[in-house]
Amino acid sequence: MAVSTIYSTQALNSTHFLTSSSSSKQVFFYRRHQPQTNRSFNTTITCAAQQTVVIGLAADSGCGKSTFMRRLTSVFGGAAEPPKGGNPDSNTLISDMTTVICLDDYHSLDRTGRKEKGVTALDPRANDFDLMYEQVKALKSGIAVEKPIYNHVTGLLDAPELIQPPKILVIEGLHPMFDERVRDLLDFSIYLDISNEVKFAWKIQRDMAERGHSLESIKASIEARKPDFDAFIDPQKQYADAVIEVLPTQLIPDDNEGKVLRVRLIMKEGVQYFSPVYLFDEGSTISWIPCGRKLTCSYPGIKFNYSPDSYFDHEVSVVEMDGQFDRLDELIYVESHLSNLSTKFYGEVTQQMLKHADFPGSNNGTGLFQTIVGLKIRDLYEQLIANKATAPAETAKA
Amino acid sequence: MTTVAATGLNVATPRAFVRPAARLSAPVRLNYPWKFSSMKRMVKLSVKATPEGEISEKVEKSIQEAKETCADDPVSGECVAAWDEVEELSAAASHARDKKKAGGSDPLEEYCSDNPETDECRTYDN
């Protein structure tokens with residue numbers, strides 16, 4: 001895939017802004033050998049190559065990451081699909097603007113290797129963080145990489161696939177924020193924190209249709225993974241810029257069905273290009289029940305909460321929604337009262353939620369906050385690109 | 001020429017291995033291939049199972065294995081790794097199920113739900 005245009009050295013003598021219509025910009029410099037002179041030259045080469053925005057998404061398996069991914073890519077437009085013509089078991093999703101990489105591809109031990117050593121996939125010993133860092137760094141700088149593929153069906157590491165640097169790179173998996181170097185590369189990071197009761201309910205929903213699974217086996221599976229999860233995955237939430245916390249509802253006393261959820265969107269203050277969503281007024285504390293005269297809701301209704309808070313020694317703002325949406329006008333009413341949503345037009349959040357009404361969580365806070373985070377990421381991306389565009393590229397040949 | 005390293009396929013100008021003239025003679029020789037390797041062919045056909053059935057079987061097997069491993073020592077690394085494998089396979093199974101459900105629907109409907117403004121998907125109500 002090398003399309004090379006050879007410029008003569010004269011063209012490179014002065015400051016020259018190299019533009020190209022191709023999506024991946026690579027500039028090659030070929031310099032003829034020149035006799036040594038006494039003068040010292042400063043050669044600075046700055047490329048106006050496409051800057052990739054890197055987003056990290058952390059969550060345990062079975063926690064709605066793929067739903068989140070579909071909502072996120074939909075905000076940018078287009079559907080994300082696995083790379084065409086490649087390995088059918090590839091975990092990568094590619095759309096026009098985004099590429100989603102599953103961090104399971106950086107497992108250093110395959111399934112048999114992990115069984116032999118007695119380590120889970122959650123353990124950092126089973127993952128190659130050096131390779132992860134190298135490749136994310138390369139993609140961020142606009143260099144294509146050969147990324148390994150971890151086949152979830154066979155449990156083996158397949159032959160690598162070529163990944164082109166996209167405009168937005170999303171790395172999703174168990175350890176996006178575990179390694180410090182990778183963490184520094186992320187422009188925005190999200191953690192999906194599902195409470196134990198809700199996790200249990202969701203896994204039952206997912207696995208009870210499978211032959212061989214029973215309530216005990218699902219429970220045993222969660223219990224066995226818990227120590228590793230608490231030790232390695234959970235601590236990542238302190239580094240996240242946004243945490244979506246899913247808890248059982250407080251509106252129904254003694255509810256253990258897990259259908260109605262209480263979802264909290266915890267947003268870190270002071271993150272560049274990210275302005276938290278708020279209700280009524282920033283920094284104030286407010287509790288709001290939209291159901292009343294203007295809006296009639298069915299049981300158990302909807303309850304909102306907004307307040308500033310402290311989370312792992314960081315200043316945060318928390319928007320919380322308890323209950324579920326039954327009708328379209330509830331959604332639009334709520335949207336009209338939330339501020340700083342980064343929507344491009346009135347009703348965009350509602351439109352996105354309706355577009356994917358069949359996705360799980362479309363009637364409660366999980367879908368709502370995932371959509372809002374998607375819009376925030378779009379806003380962050382646009383601000384970053386606008387910033388980079390104002391700094392012109394210069395190529396100065398000494 | 002570029003090579004797609006992932007699959008090892010050469011996507012350069014396709015080379016025609018078999019010339020048309022040669023094809024006419026091929027059927028004469030390969031008319032009854034099963035006569036030469038009958039047992040092999042039969043074995044080959046029976047191994048091919050649906051991917052979804054495969055994963056479900058794997059899930060079942062892994063649960064049994066995990067129960068056995070944990071019966072000896074519930075706190076060991078092997079037990080934990082076994083249950084982790086169960087979790088991984090269950091996740092893969094549920095993804096396969098979702099893919100199958102999504103793939104089974106009408107492709108035009110699918111396309112139109114993502115791109116309602118394209119010419120093929122415009123609806124005229126009046």
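Let me start with helix H8 (residues 348–355) of chain A and helix H9 (residues 365–389) of chain A, which in this predicted model pack at an angle of about 120°, with their axes 10 Å apart. The helices I name, and the strands later on, are DSSP runs numbered from the N terminus, with at least four residues of H or I for a helix and at least two of E for a strand. The axes are lines fitted to C-alpha atoms, for helices over the stretch in contact, and the angles run from 0 to 180 degrees between N-to-C directions. That angle makes H8(A) oblique to H9(A), because angles under 35 degrees count as roughly parallel, over 145 as roughly antiparallel, 65 to 115 as roughly perpendicular and the rest as oblique. The crossing of H8(A) and H9(A) is right-handed, a term for a near helix turned clockwise from the far one by less than a right angle, with anticlockwise giving left-handed.

As for which residues touch, where contact means heavy atoms within 4.5 Å, H8(A) brings A:Glu348, A:Val349, A:Gln352 and A:Met353, while H9(A) brings A:Gly367, A:Leu368, A:Thr371, A:Leu375 and A:Arg378. The residues of this contact between H8(A) and H9(A) divide into four nonpolar, three polar and two charged, where Ala, Val, Leu, Ile, Met, Phe, Trp, Tyr, Cys and Pro count as nonpolar, Asp, Glu, Lys and Arg as charged, and the others, Gly among them, as polar.

H8(A) also packs with helix H7 (residues 328–337) of chain A, at an angle of about 145° and with the axes 8 Å apart, and this crossing too is right-handed. Here A:Leu328, A:Leu331, A:Ile332 and A:Glu335 of H7(A) meet A:Glu348, A:Val349, A:Thr350, A:Met353 and A:Leu354 of H8(A), and by class these are six nonpolar, one polar and two charged.

Before the next part, a word on conventions: residues are numbered from 1 along each chain as its sequence is written, and chains are lettered from A and ligands numbered from 1 in the order in which they are written. Local features need pLDDT of at least 70, side-chain atom pairs count only at pLDDT 80 or more, totals for chains, interfaces and linings use all residues, and side-chain values use heavy atoms, with hydrogens and water left out.

How much area do chain B and chain A bury between them? The value is about 2,900 Å², 52% of it on carbon and sulfur atoms, where buried area is the accessible area (1.4 Å probe) that two parts lose on being put together, summed over both. Of the area that chain B buries against chain A, B:Trp83, B:Glu87 and B:Glu88 supply 20%, more than any other three residues. The contact takes 32 residues from chain B and 38 residues from chain A.

Finally, the backbone: most residues other than glycine have a negative phi, and most peptide bonds are trans. A:Phe280, however, has a positive phi of about 70° although it is not a glycine, and A:Phe280 is found in the loop between strand S11 (278–279) and S12 of chain A. A cis peptide bond, with omega about 0°, joins A:Tyr299 and A:Pro300, and A:Pro300 lies in the loop between strand S12 (286–288) and strand S13 (302–311) of chain A.
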